[in-house]
Amino acid sequence: MQIKVQPRIQRETWSLYWKAPTKTDTVCLEAVTLDVDDAGSSTVAALMDTLAAQLNWPPEDGLVRLDKFEEPWQRALCRGRLLAPGATLADAGVGEGDVVTVVRIELLAEGWKMFCGEWAGYSAVSGQ
């Protein structure tokens, strides 16, 4: 079975101070056609991992999570529905010729972070 996959990179500028996204850009990459042996045993997570390996994306466990960022690093959608990573493609309703959009999040740290305490060689009391 062949599935057309539309990869997307969602770049979120993450404020270190507010601990929230301040800007989001989405980059659309060229579509890729992946061959799937059995939709009844292949999972959505396996499809996302295959795409990540083909596009040389770093593995999820190697990505650095910024403070208060709790979303999954990637997600898959088909016909406007979010697909559960643990579901098989057949259970998720993905069939021959369907288009699956895979979105990978990239975090870009921005700004500054409040520091409470004393820096080396500087005292808040003396101002030196």
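## Starting at Thr 13

At 15% relative accessibility, Thr 13 counts as buried (buried is under 20% relative accessible area, exposed is over 50%, and partly exposed is in between, with a 1.4 Å probe and protein chains only). You'll find Thr 13 in strand β1. Leaving out residues up to four places away in sequence, Thr 13 touches Ala 20, Pro 21, Thr 22, Lys 23, Leu 108 and Glu 110, where contact means heavy atoms within 4.5 Å.

A quick word on the model: it is predicted, so local features need pLDDT of at least 70 and side-chain atom pairs count only at pLDDT 80 or more, while totals for chains, interfaces and linings use all residues. Residues are numbered from 1 along each chain as its sequence is written, and side-chain values use heavy atoms, with hydrogens and water left out.

## The overall layout

The protein has one helix and six strands; these are DSSP runs numbered from the N terminus, with helices being H or I of at least four residues and strands E of at least two. Walk along the sequence and you get β-β-β-α-β-β-β.

Of the 128 residues, 32% count as buried. Among contacts with a separation of 6 or more, 69% are between residues 24 or more positions apart. The protein exposes about 8000 Å², and carbon and sulfur atoms supply 52% of that (areas come from the Shrake-Rupley method with a 1.4 Å probe, and for residues only the protein chains shown count as cover).

## Two nonpolar cores

A nonpolar core here is a set of buried Ala, Val, Leu, Ile, Met, Phe, Trp, Tyr and Cys residues joined through side-chain atoms within 4.5 Å. The largest one has 22 residues, and Leu 83, Leu 89, Val 94, Val 100 and Val 102 touch the most other members. At least two residues each come from β1 (2–15), β3 (32–35), α1 (44–54), β4 (74–78) and β6 (99–110). The top contributor is α1, with five residues.

Take Val 102 as an example: setting aside neighbours within four places in sequence, Val 102 is in contact with Val 5, Gln 6, Pro 7, Arg 8, Met 48, Leu 51, Trp 57, Arg 75 and Ala 76. Apart from this core lies another, of five residues, including Trp 14, Phe 69, Ile 105 and Leu 107.

## Salt bridges

The count comes to four salt bridges, each being a side-chain nitrogen of Lys or Arg within 4 Å of a carboxyl oxygen of Asp or Glu. One of them joins Glu 106 and Arg 11, with the closest N and O atoms 2.9 Å apart. Glu 106 sits in strand β6 and Arg 11 in strand β1, so this pair ties together parts 95 residues apart in sequence. Glu 106 is partly exposed at 29%, and Arg 11 is partly exposed at 33%.

Arg 79 pairs with Asp 98, with the closest N and O atoms 2.8 Å apart. Arg 79 is in the loop between β4 and β5 (81–83) and Asp 98 in the loop between β5 and β6, 19 residues apart. Arg 79 is exposed, at 55% relative accessible area, whereas Asp 98 is buried, at 16%. Then there's Asp 25 with Lys 23, at 3.8 Å from N to O.

## A patch on the outside

Tyr 17, Trp 18 and Trp 112 form a nonpolar surface patch, with about 430 Å² of accessible area together. Patches use residues with over 30% relative accessible area and no salt bridge, joining like charges within 9 Å and nonpolar side chains (Val, Leu, Ile, Met, Phe, Trp, Tyr) within 5 Å. Tyr 17 is in the loop between β1 and β2 (20–28) and counts as partly exposed, at 36% relative accessibility.
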